[in-house]
Amino acid sequence: MTVPLALIILVSTIVLRVLYKRWSRISVADIPGPESVSFWIGNLQQMRQQEVGTMDAKWGEEYRKIARVKVALGMDALWVSNPQALHYILHKSGYTFEKTAERKVLSKLLGDDGLDGANPETHKRQRKLMDPAFGAPVIKALFPTFVQYAEILSFKWCKLVESSPGPACAINVASHLNVATVDTVCEASFDYYTGCLEDADNEPAKSYMNLMAGVASRPSDARLVFDNLAEFLTEPVVTWLCRVLPGEAFAKLRRNKQEVHKVAEEIIETKVGKRDVMSMFAQASTSPEPSTRMSRYEVISQMRSIMFAGSETTTSTMSCALLELARHPEYQDRLRAEIRVVENSIRARGGGGLIAADADAMPYLQAFLKEVVRVHPAVPYMYRRPVRDEVLPLSTPITTRSGKVISEVPIRKTLRLILSVPGYNMDKDVWGEDAHEFNPERFLRPTEKNGPNVGLWANTLTLSAGARSCIGWKFALYEMQAFLFVLVSRFQFALTEDISRLRREYAGSLVPMLEGEVEKGAQLPLGVSLAEQQQD
């Protein structure tokens, strides 16, 4: 056989094999869904460039909570808000559904070898070692630190209001809360004072200000295509490209890594033998047993991950909480009345300040925060892909394009799944006919269970669920309770004219921004005035 003939046979065999695999693989083409905008970006513009929740509400109603969509370069994906399918993916299947390639790249860029981007075996080991540091006893012991930083922010706002010519002062609460949460997470988790609320010039902390707003908001079509290259070029290659390519977004991530690694190296040397979060991680780095050890680089990576997650998502949720208080003065008055009762109780016991048990015993505070978390998910989407061919069960049957009625959807290995948090959190079959309304009362009345409980907290999907649920959820919730208590006690919040331009942008996390000023990052200008204080 001649060499050219052998080469033709080899190439032909490869082509036929590729075509056979393509024709014989499981397809989702029969699942209804929106028309693709283009081959290059598919439906990504609708998911990334529209306001959070806009598309989810439409697709949830039109396609019965599961839709075939297109992502970059003509690739298929499934958009999912179906409760039974979500429960199967997040709860029943464990690590069978891994993060998509581009999300792994983003996790590496934001947290190196930290928990968020870890493979299943590493994740299990890290999670087991880290869980005690985020248990209720440890977090409740940190509550005074949360209150302390809420008080510092309160003092800053008092000075702004008092220096204002009128009774109210317009304050970009999103920016101030971002500074406050960075300060808080550094002090509470790492015993590391940044002082940004008091105008200290701390480079590691400053590198987290508006991080995602600068890196991921309003991506161009070219950026949408680039973000999906990991599917073809492998994660290590795309991660390397992101670390060397020019551009302000990539430069911001590089500065963040450099600054945080430098200070983490210094902190870790002082930690062994202490009891804060970072100390518990540092002790794990000295364990002689591989199964109970994190490497030094892993420990430093956790610091990056915690600083990002502990500031970005908490800032988003607290900003939206103050927005809803400004929109609904009746809820603000009711929450403040409950706060006054607790303040009287604290005085009656001889002072000592607000403690975690006080917040736990405040039903309206809890209900209000649950509704904020439900309506304003800090992380609107989760991206998964099955590691083997799978079948997704559905809560309610759907009719395919060809007219078949099905109650489960076969999916092929590696198919991209876009899990819609707003879609589930606003599902009328789960939350009732008023699911699209902000109403804390829903958490104060008994409700009938409709379908499986999917979410980690109050059945909301915002904090994820299952094996990869948010490890720091108790930290975030107690921090937000402390801040809301102090700020609502001291201040009255009102809407400003600029709120008419408010958009909830998707920048990896939900970020409040003003139309026409996206380049300025997170903005939520509210009117802040001093609240009427109770009489002793």
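Here is a tour of cavities, salt bridges and one surface patch.

Before you click, know that this is a predicted model, where local features need pLDDT of at least 70, side-chain atom pairs count only at pLDDT 80 or more, and totals for chains, interfaces and linings use all residues. Residues are numbered from 1 along each chain as its sequence is written, and side-chain values use heavy atoms, with hydrogens and water left out.

Select D116, A309, T313, V379 and C470. Of the 47 residues lining the largest cavity, these sit closest to its centre. (A cavity is a set of points, on a 1 Å grid over the protein atoms alone, where a 1.4 Å probe fits but cannot get out; lining residues have an atom within 4 Å of a point.) The volume here is about 1,100 Å³, counted as the space filled by probe spheres set on the points, which are joined across faces, edges and corners. Now colour α17 (296-327): this helix gives the largest share of the lining, nine residues. (Helices are DSSP runs of H or I, at least four residues, and strands are runs of E, at least two, numbered from the N terminus.)

Which residues lie closest to the centre of the second largest cavity? Pick R48, E102, R103, L106 and D227 and you have them, out of 27 lining residues. This second space comes to about 390 Å³, and α5 gives the most to its lining, with five residues.

**Stop three: charged partners.** Side chains of opposite charge can pair when their charged atoms come close. In a salt bridge, a side-chain nitrogen of Lys or Arg is within 4 Å of a carboxyl oxygen of Asp or Glu. Show K65 and D429: their closest N and O atoms are 2.6 Å apart. Is K65 buried or exposed? K65 counts as buried, because its relative accessibility is 11%. (Buried means under 20% relative accessible area, exposed over 50%, partly exposed in between, with a 1.4 Å probe and protein chains only.) D429, at 48%, is partly exposed.

Next, select E371, R374, D434, R442 and R445, which are linked in a network of salt bridges.

**Last stop: helix α8.** Go to K156 there, and then to D199 in the loop between α9 and α10. They form a salt bridge, with 3.4 Å between the closest N and O atoms. D199 is exposed at 63%, while K156 is partly exposed at 21%.

How values were computed:
On a 1 Å grid over the protein atoms alone, a cavity is a set of points where a 1.4 Å probe fits but cannot get out, and a pocket is an open set with protein on both sides within 12 Å along at least five of seven lines; lining residues have an atom within 4 Å of a point.
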